[in-house]
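My notes follow in the order I checked things.

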Amino acid sequence: MKNLVVIAFLSAILAVCSAGSAFPASPPVSSLDQDEKMLWSRAEDEQKKIARSGLIYEDEKVTAYLNSVLTKLLPEDGVSGIKPKVIVLRSRHMNAFAFPDGTIYIHSCMLALMDNEAQLAVLLGHEITHSINRHAVKEYRNMKSKTSFLASLTVVGAWVGAGLFGAVGTLAAVTGYSRELETEADMEGLGMIVRAGYDPRESVAFFSLMEAEAKEENLKESFFFGSHPRMQERKENCEAFLKSGVKNSGSVNREVFAEAIRDVVLDSAWLELKAGRFKAARAMAEKYRDARSADPKAYYVLGEIFRQRAEKGDAETAKENYMTAISLDESCGEAYRALGLMSLKLKENENARRYFGEYLARSPNAKDRAYIEQYLKDLK
Amino acid sequence: MKKLILLAALISLAGCAPQKPWIKAEKLYTNETQGFAVELPDNWMRSGKDDFLIATRDGFPLQTIYIRRFDIRENPLKNTKKTLKRDMLPHEVAEIILDDIISTSSLTDVKTEENVPIAIGGVPGFRLVYTFKNSSGLKMKAVLCGRLKDDWLLVVRYSAPQRHYFDMDAATFEDVFRSLKVTNEQKQ
């Protein structure tokens, strides 16, 4: 049965790929049925709540870049009935979801984990298909008990998303759609990326990244895949698509992507570090360092990762990174602070005094000044 | 079959019954299990739990004072994978606790207003002041004072909605905090 569904989608997509765009048009809001209007209204309320949450990653350049990639996937004259756009949420959880109006939310750490623009396009193509094909209302209409369906979604959303997600957001972000609708989103999304000239092989690479991340977090499936076809099935969908006669090549845009999201990667390294996920934090920090090898911030965050992990040999590695940060930017006060803390714990009092002095000279308004002054007093 | 269902329902309902209700807070509250004593304000209520103190005047969401000692060997931080170690400086403990707060998925927009050293019962500790949005999107403010001695982390926290309520009882909290005495340093 599943194979039949995949074959049906592949046939339709191949026809579209060869004949040009054929996006189904969503009806204008004014002509929506009552139940769909209700879902849109709830979605609008939920989006207002997200906007007030403080979770939105505010960076005009990043947002503009992501929207430019989304635009490449859509027909030049747009998609009627919805207003596609991308918003980044500052979160370390691997997730992305779309609301019925075409707004796609992507979590910053998921974005940072990706390797290139083609992988981003895979995700955006999948998500925008949910909006274009009106999956929310289709899912809603398939439910036997609509009231309890919405109530249970809200409870689940409150649990996993700080109460941020109401029923519509939870459907999109947490529980996911039916397998048929998810497969449809996979297949039509892949069709979009091929039409836009991206390499569809990156879809398998993207799902492999997500799979590795879920294993690392010890999740059965990350939220992005929760109740979706299991990752293996989705990879199989992609592989079937790749074998269906589509061109197995295209652009990847690795450098453009790395440059555009570099600050998201650095921010994600800090988020992962705060969560104590040292391996993920290190991977992000090294990714940032590889893209910005002359940026002292790369070495400072690496120093912090090793200092705080504090495994055998980490102290030396941390120190090397702090020293590199200082050699790149003599005003990098935070690196002196960290060296001071390390020296203090090793009872290298002379060094501790010197480093703390350097720190306070460079950061006179440091938030932790009171601690440092206390340490200096104790060292006398 | 119906009898079995009824029995199961009764058992599950029994599990919902409150174990100990809120009670009127006494002037001097002593917690032998936790090894601390504190003076509580008039007209406040406290929970009857033995393993921590939680007190409020108008209700749990409106203002809360929470005092608890944690055994760091039991890894009390649930939102960060970082662990507390007994040789950590107060500075480091404060930063890890902040990391745990920031990594809590039910809290958003966490901002630190203050992080300074203090002493609690003669032991070096820390005082954090921070704001956040709770799971309902309400902006909250909290003061969290703590200290790590051997394997025991002592936490004293006051939290309330930032608008109106926080300021209303901030001075009350300071009085409570000043009255805190650790009665058993070697709590086991």
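Is A:D186 buried or exposed? I looked it up in what is a predicted model. A:D186 is buried, because its relative accessible area is 4% and the cut-off for buried is under 20%.

**Entry 1: the partner of A:D186.** I found the side chain of A:D186 in a salt bridge with that of A:R234, at 2.7 Å from N to O. A:R234 sits in helix 11 (residues 231-242) of chain A and A:D186 in helix 9 (residues 179-195), so the pair ties together parts 48 residues apart in sequence. A:R234 is buried too, at 0% relative accessibility. I noted the general point that side chains of opposite charge can pair when their charged atoms come close.

**Entry 2: salt bridges in chain B.** I ran the search over the whole structure and got 43 salt bridges over all chains. I then picked out pairs in chain B. B:D151 and B:R73 meet through their side chains at 3.4 Å, N to O. This pair links distant parts of the chain, 78 residues apart. B:D151 lies in the loop between strand 9 (139-149) and strand 10 (152-161), and B:R73 in the loop between strand 6 (64-71) and helix 2. B:D151 is buried at 11% relative accessible area, whereas B:R73 is exposed at 53%.

Next I took B:R127 and B:E114, whose side chains form a salt bridge of 3.2 Å, N to O. B:R127 is in strand 8 and B:E114 in strand 7, 13 residues apart. B:R127 is buried at 17%; B:E114 is partly exposed at 30%.

**Entry 3: where chain B meets chain A.** I counted 30 residues from chain B and 29 from chain A in the contact. The two chains bury about 2,200 Å² between them, 50% of it on carbon and sulfur atoms. On the chain B side, B:K81, B:K82 and B:H91 lose the most area to chain A, together 26% of what that side buries. I got 16 residue pairs in polar contact between the chains. Helix 2 (90-102) of chain B gives the most to that side, with 7 residues. I also found 4 salt bridges across the interface. B:E92 and A:K345 meet in a salt bridge at 3.0 Å, N to O.

**Entry 4: a nonpolar patch.** I checked the surface last. B:W22, B:M45 and B:F60 make a nonpolar patch of about 300 Å². B:W22 lies in the loop between helix 1 (2-16) and strand 1 (23-24) of chain B. B:W22 is partly exposed, with a relative accessible area of 39%.

Technical notes: Residues numbered from 1 in each chain as written. Chains lettered and ligands numbered in written order. Predicted model: local features only at pLDDT ≥ 70, side-chain atom pairs only at ≥ 80, totals over all residues. Heavy atoms only, no water. Patch = residues over 30% accessible without salt bridge, like charges linked within 9 Å, V, L, I, M, F, W, Y side chains within 5 Å. Areas by Shrake-Rupley, 256 points an atom, 1.4 Å probe, with all protein chains shown as cover. Helix = DSSP H or I, 4+ residues; strand = E, 2+ residues; numbered from the N terminus. Buried < 20%, exposed > 50% of the residue type's maximum accessible area, 1.4 Å probe, protein only. Contact = heavy atoms within 4.5 Å. Buried area = accessible area lost by both parts, 1.4 Å probe. Polar contact = N/O pair within 3.5 Å; in protein donor to acceptor, adjacent residues only side chain to side chain.
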